[in-house]
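Me: I want to learn how to read a structure feature by feature. Please take me through this one.

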Amino acid sequence: MTAPDASTRSNNPRRTHDERLKDEVYRHMFRLEAGRPGADLDLAVALVRAWLAADSERGTPAMREWLKKICPICLSLIEASQQTSSTGQRCIQ
C-alpha cells in the first residue's frame with residue numbers, strides 16, 4: 001500500500017481534523033460491535049472529543065450535523081454493551 005501523494009491530501013486542516021475525529025469514533029464503534037473490552041468507554045471519550053472540537057471556535061456545522069446523527073447510534077451501542085456485560089448475553093438491536 002502506498003501513501004497518498006500531496007495532490008490527494010486535503011489542504012484544509014479543519015477537514016483533516018474532523019476526519020480524524022470521525023475515524024476515531026467509527027473505529028471504536030467497530031471495536032464495540034466486536035465485543036472488545038473497554039470499547040464502550042473509548043467510544044464515549046471519542047464522542048466527547050468530537051463534540052468539544054465541534055463546539056470550539058473553529059467547529060464546522062457539518063461536524064455538528066454528523067454528530068447529531070451518529071450519537072444516537074453510538075449511545076444505543078453503548079447501552080447494549082452495558083446490558084450485555086451485566087447479563088452475560090449479547091444483545092442485538
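This is a predicted model: local features need pLDDT of at least 70, side-chain atom pairs count only at pLDDT 80 or more; totals for chains, interfaces and linings use all residues.

Me: How many helices and strands does the protein have?

Reply: Helices (H or I, at least four residues) and strands (E, at least two) are DSSP runs, numbered from the N terminus. This protein has three helices and zero strands. Along the sequence the pattern reads α-α-α.

Me: What percentage of the residues is buried?

Reply: Buried means under 20% relative accessible area, exposed over 50%, and partly exposed in between (1.4 Å probe, protein chains only). Of the 93 residues in the protein, 29% are buried.

Me: Which residues touch the most other members of the largest nonpolar core?

Reply: In soluble globular proteins, nonpolar side chains tend to be buried together. A nonpolar core is a set of buried Ala, Val, Leu, Ile, Met, Phe, Trp, Tyr and Cys residues joined through side-chain atoms within 4.5 Å. The largest one here has 19 residues, and V25, L43, L47, L67 and I70 touch the most other members. Helices α1, α2 and α3 each give two or more residues to this core. The top contributor is α3, with eight residues.

Me: What share of the contacts with a separation of 6 or more comes from residues 24 or more positions apart?

Reply: Such residues account for 51% of those contacts.

Me: Now aromatic rings. Which residues form an aromatic pair?

Reply: A pair of aromatic rings is described by the distance of the centres and the angle of the planes. Rings of Phe, Tyr and Trp (its six-membered ring) pair if their centres lie within 6.5 Å; planes under 30 degrees apart count as stacked, over 60 as edge-to-face and the rest as tilted. Searching the whole structure gives one aromatic pair. Y26 and W66 form it, edge-to-face, at 5.5 Å centre to centre with 75 degrees between the planes. Y26 belongs to helix α1 (residues 13-33) and W66 to helix α3 (residues 61-87), so the pair ties together parts that are 40 residues apart in sequence. Y26 is partly exposed at 34% relative accessible area, whereas W66 is buried at 12%.

Me: How many salt bridges does a search of the whole structure find?

Reply: A salt bridge is a side-chain nitrogen of Lys or Arg within 4 Å of a carboxyl oxygen of Asp or Glu. The search finds three. One joins R49 and E24, whose closest N and O atoms are 2.5 Å apart. R49 lies in helix α2 (residues 39-55) and E24 in helix α1, so this pair ties together parts that are 25 residues apart in sequence. R49 is partly exposed at 42% relative accessibility, while E24 is buried at 12%.

Me: Which side chain does R31 meet in a salt bridge?

Reply: R31 meets D42, at 2.8 Å from N to O. This pair links distant parts of the chain, eleven residues apart: R31 is in helix α1 and D42 in helix α2. R31 is partly exposed at 21%, and D42 is partly exposed at 29%.

Me: Where do K68 and E65 lie?

Reply: Both are in helix α3, three residues apart, and about one helical turn separates them. K68 is exposed at 52%, but E65 is partly exposed at 42%.

Me: Last one. Is D18 buried or exposed?

Reply: D18 is buried, with a relative accessible area of 7%. Its place is in helix α1. A polar contact is a pair of N or O atoms within 3.5 Å; within protein, one must be able to donate a hydrogen and the other to accept it, and residues adjacent in sequence count only if both atoms are side-chain atoms. The side chain of D18 makes one with the side chain of T60, at 2.9 Å. Leaving aside neighbours within four places in sequence, D18 is in contact with T60 and M63.

Notes: Residues are numbered from 1 along each chain as its sequence is written. Side-chain values use heavy atoms; hydrogens and water are left out. Contact means heavy atoms within 4.5 Å.
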